[in-house]
Amino acid sequence: MKVDYNNIGIGALAIGSVISINNELSLAKTALILPFITHTECLNYLARATTQATSIEKLIAERTSYFSNFNIRYYDSLCLSFSSIQYLTEMGYVELKGDLLVKIKPLEYDAKMGKRAKKIFQAANNVSELLLENDNKLYLNLRVQL
């Protein structure tokens, strides 16, 4: 059995890689990153060079099984998301301005980070594209119960 460990390092890597592309994200959108990245099948799909995630609706329609427990994954990763944001803030990669997380310096991939980190950085382009949608629309389509 293969076990993927989701810790503050993975969380900071995932959030940092997406923020490096988008330059700024609302806290609401930032909290959606880890449920995408911590789901192995979803991560593998989003990391593929041939995948172009243009809309959340299309992705959900094509890969329904990836989103059946998104609400649970969202709440399971919420604490880790905010711990990762705090770590990135303290390390000088991002700063909080109101409800926006703003990039100060990019988080760059290094081969020493490993295979999983490489996949996360590859998936970051698709995740950042998906997060261009309106916050309310994302939460509604992903069926996150607030």
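In this predicted model, T30 has its place in helix α2, which covers residues 27-30. The residue counts as buried because its relative accessibility is 0%, below the 20% that sets the limit for burial. Its side chain reaches back to the backbone oxygen of S26, at a distance of 2.9 Å. Beyond the neighbours within four places in sequence, the contacts of T30 are with I15, I19, L25, I85 and L101.

N23 sits in the loop between α1 (8-22) and β1 (24-26), and its phi is near 75°, a positive value in a residue other than glycine. Most residues other than glycine have a negative phi. With a relative accessible area of 39%, N23 is partly exposed. R143 also calls for a comment here: it is not a glycine, yet its phi is positive, at about 60°. This residue belongs to the segment after α8 (135-141), and R143 counts as exposed because its relative accessibility is 67%, where the threshold is 50%.

Turning to helix packing, α4 (residues 40-47) and α7 (residues 115-130) have axes that come within 7 Å and cross at roughly 75°. The two helices are therefore roughly perpendicular to each other, since that description applies to angles of 65 to 115 degrees. On the α4 side, the contact is made by L43, N44, L46 and A47, which meet R116, K119, I120, Q122, A123, N126, V127 and L130 of α7. Sorted by class, this contact of α4 with α7 has seven nonpolar residues, three polar ones and two charged ones.

A pair of aromatic rings is described by the distance of the centres and the angle of the planes. Seven aromatic pairs are present in the structure. In one of them, the ring centres of Y74 and Y75 are 5.0 Å apart and the planes stand at 90°, so the pair is edge-to-face. The two partners can also be described by their accessibility: Y74 counts as buried, at 6% relative accessibility, while Y75 counts as partly exposed, at 38%. Y74 also pairs with Y139; here the centres are 5.6 Å apart and the planes are at 85°, so this pair is edge-to-face too. This second pair links distant parts of the chain, with Y74 in helix α6 (residues 70-90) and Y139 in helix α8, 65 residues apart. Both Y74 and Y139 are buried. Elsewhere among the aromatic residues, ring pairs join F36, F67 and F70 into a cluster.

Once neighbours within four places in sequence are left aside, I60 is in contact with F67, N141 and L142. How far apart are I60 and N141 in sequence and in space? The two are separated by 81 residues in sequence, while their C-alpha atoms are 8.2 Å apart. I60 counts as buried because its relative accessibility is 19%, with burial defined as under 20%.

Note on methods. Residues are numbered from 1 along each chain as its sequence is written. This is a predicted model: local features need pLDDT of at least 70, side-chain atom pairs count only at pLDDT 80 or more; totals for chains, interfaces and linings use all residues. Side-chain values use heavy atoms; hydrogens and water are left out. Axes are lines fitted to C-alpha atoms, for helices over the stretch in contact, and angles run from 0 to 180 degrees between N-to-C directions. Helices (H or I, at least four residues) and strands (E, at least two) are DSSP runs, numbered from the N terminus. Angles under 35 degrees count as roughly parallel, over 145 as roughly antiparallel, 65 to 115 as roughly perpendicular and the rest as oblique. Contact means heavy atoms within 4.5 Å. Ala, Val, Leu, Ile, Met, Phe, Trp, Tyr, Cys and Pro count as nonpolar, Asp, Glu, Lys and Arg as charged, and the others, Gly among them, as polar. Buried means under 20% relative accessible area, exposed over 50%, partly exposed in between (1.4 Å probe, protein chains only). A polar contact is a pair of N or O atoms within 3.5 Å; within protein, one must be able to donate a hydrogen and the other to accept it, and residues adjacent in sequence count only if both atoms are side-chain atoms. Rings of Phe, Tyr and Trp (its six-membered ring) pair if their centres lie within 6.5 Å; planes under 30 degrees apart count as stacked, over 60 as edge-to-face and the rest as tilted.
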